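Here is a short briefing to read with the model open beside you.

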Amino acid sequence: MRIVGLTGGIASGKSTVSNLFKVHGIPVVDADLVARVSDVLKEGSGGWRKVVAAFGNEILLDNGEVDRAKLGQIVFSDPGKRQLLNRLLAPFISSGIFWEVFKLWMKGFKVIVLDVPLLFEAKMDGWTKPIIVVWVDPETQLQRLLARDRTSEEDARNRINAQMSLDLKRSKADIVIDNTGSLEDLNEQFQNVLFQVKRPLTWTEFGLSRQGAFSVLLSVTIGVLICRKFYNNGL
């Protein structure tokens, strides 16, 4: 099984690339979606208890739920607190991602994409190969974020600076998609990336697939039966 890592930064176009994979029949495990569906901040959950202990009751609404908007303001304005939040929630999100990957493995998919904004920060890059980074230059990233969210420049810069820089992510990537151009340019680059992602599996990757695991099990079973037959004949 080939697990492809996909990451980028806010307003870099990562979600567009993720959707292109889906359109071309490649299943995508979206870490943000997993976090929402599993509700890692649900009142009383393990994630909720850790976050409240770290950030205090002032981040809670009257009904006990986390005020996500207020928590977002806190962590986006303080990179240290954002890193703390990521460390607190990473184990809960990781377990949800693992379960989604396992379900796709059981269905027999040989290639899947992990769409994880914090792929490097959460140390999930070791799970994936190749790693794709969707990159844009800093000014393009800022302008796209301002246009998309209609926020202040100060807030936009805080949100960008709260993340690992795209230049640093690019240096860690196996494949870089430069999304500073048009959508047509992006589609053209994506076709080349898709070709690389869908290339035949290596023997190691095949061995990690469901078909590979069954093949190994079948080979071992046949080997045991043959050895038993020879042993019995020898007796």
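Helix 3 and helix 5 cross in a right-handed manner, where right-handed means that the near helix is turned clockwise from the far one by less than a right angle, and left-handed that it is turned anticlockwise. Helices here are DSSP runs of H or I with at least four residues, strands are runs of E with at least two, and both are numbered from the N terminus. Please keep in mind that this is a predicted model, in which local features need pLDDT of at least 70 and side-chain atom pairs count only at pLDDT 80 or more, while totals for chains, interfaces and linings use all residues. Residues are numbered from 1 along each chain as its sequence is written, and side-chain values use heavy atoms, with hydrogens and water left out.

**Helix packing**

- Two packed helices are described by the angle between their axes and the distance between the axes.
- The axes of helix 3 (residues 46-55) and helix 5 (residues 79-106) come within 9 Å and cross at roughly 160°; axes are lines fitted to C-alpha atoms, for helices over the stretch in contact, and angles run from 0 to 180 degrees between N-to-C directions.
- That angle makes helix 3 roughly antiparallel to helix 5 (over 145 degrees counts as roughly antiparallel, under 35 as roughly parallel, 65 to 115 as roughly perpendicular and the rest as oblique).
- On the helix 3 side, Gly46, Gly47, Lys50, Val51, Ala54 and Phe55 meet Lys81, Leu84, Leu85, Leu88, Leu89 and Phe92 of helix 5; contact means heavy atoms within 4.5 Å.
- Helix 4 (residues 68-76) also packs with helix 5, at an angle of about 120° and with the axes 6 Å apart.
- That makes helix 4 oblique to helix 5.
- Leu71, Ile74, Val75 and Phe76 of helix 4 make this contact with Pro79, Lys81, Arg82 and Leu85 of helix 5.

- Five strands in the order 2-3-1-4-5 form an open sheet with parallel pairing; two strands pair if DSSP finds at least two bridges between them.
- Strand 2 (28-30) and strand 5 (175-178) are the edge strands, each pairing on one side only.
- On average, neighbouring strands of this sheet are turned by 20° against each other, direction ignored.
- Helix 9 (residues 183-197) packs on the sheet, touching strand 1 (2-7), strand 3 (111-115), strand 4 and strand 5, and its direction makes about 165° with that of strand 5.

**Strand 4 and its partners**

- Strand 4 (residues 131-135) runs parallel to strand 5, and four bridges join the two.
- Within strand 5, Ile177 stands opposite Val134.
- Strand 1 and strand 4 also run parallel, joined by three bridges.
- Leu6 stands opposite Ile132 in strand 4.
- Five of the five residues of strand 4 are buried, so this strand is largely enclosed by the rest of the structure (buried means under 20% relative accessible area, exposed over 50%, partly exposed in between, with a 1.4 Å probe and protein chains only).
- Both faces of strand 4 are covered, with Ile131, Val133 and Trp135 buried on one side and Ile132 and Val134 buried on the other.

- Ser18 belongs to helix 1 and is buried, with a relative accessible area of 2%.
- Not counting residues up to four places away in sequence, Ser18 touches Leu6, Val28 and Asp115.
- Ser18 and Asp115 are 97 residues apart along the chain, yet their C-alpha atoms are separated by 6.9 Å.
- Leu20 is found in helix 1 (residues 14-23) and is buried at a relative accessible area of 14%.
- Leaving aside neighbours within four places in sequence, Leu20 is in contact with Leu186, Asn187 and Phe190.
- Leu20 and Phe190 lie 170 residues apart in sequence and 7.9 Å apart in space, C-alpha to C-alpha.
- Lys169, in helix 8 (residues 166-172), is buried with a relative accessible area of 0%.
- Beyond its neighbours within four places in sequence, Lys169 is in contact with Thr7, Gly8, Pro117, Phe120, Glu121, Val133 and Met164.

**The chain overall**

- The chain has 11 helices and five strands.
- Of its 235 residues, 40% count as buried.
- Among contacts between residues at least 6 apart in sequence, 73% join residues at least 24 apart.
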